[in-house]
Amino acid sequence: MADRYLTVAQVAEFLGTTERFPRRLIAERRITFVKVGRHVRIPESALGAFIDAHTIQPIRQPSATLRRAA
């Protein structure tokens with residue numbers, strides 16, 4: 001169990017959002033979480049997986065060929 005468990009406030013700070021966003025992710029079951037009594041914790045690995053799954057890679061544009069004006 002080398003995984004750290006983060007609070008909602010820690011996840012919000014890491015993502016640069018308010019606490020409402022990670023709470024909504026939890027309510028909509030869009031991120032893995034652990035309930036310890038009434039406390040909710042999000043594993044660091046689940047946060048990393050969520051970020052990886054929602055990372056959009058840029059589209060590589062083919063290099064433009066330069067045309068000479070006549």
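1. A salt bridge here is a side-chain nitrogen of Lys or Arg within 4 Å of a carboxyl oxygen of Asp or Glu. The side chains of R4 and E44 make one, at 3.4 Å from N to O. R4 sits in the segment before β1 and E44 in helix α3, so this pair ties together parts that are 40 residues apart in sequence.

2. A quick word on what you're looking at: this is a predicted model, where local features need pLDDT of at least 70, side-chain atom pairs count only at pLDDT 80 or more, and totals for chains, interfaces and linings use all residues. Residues are numbered from 1 along each chain as its sequence is written, and side-chain values use heavy atoms, leaving out hydrogens and water.

3. Back to that pair: R4 is partly exposed at 48% relative accessible area, and E44 is partly exposed too, at 37%. (Buried means under 20%, exposed over 50%, partly exposed in between, with a 1.4 Å probe and protein chains only.)

4. The whole structure has four salt bridges. Among them, E28 pairs with R24 at 3.8 Å and with R30 at 3.0 Å. Shared partners join R24, E28 and R30 into one network.

5. Now look at helix α3, residues 44-53: its buried residues are A46, L47 and F50. Down the axis, they fall within an arc of 100 degrees, so they line one face of the helix. (The arc uses directions from the helix axis to the C-beta atoms; helices are DSSP runs of H or I, at least four residues, and strands are runs of E, at least two, numbered from the N terminus.)
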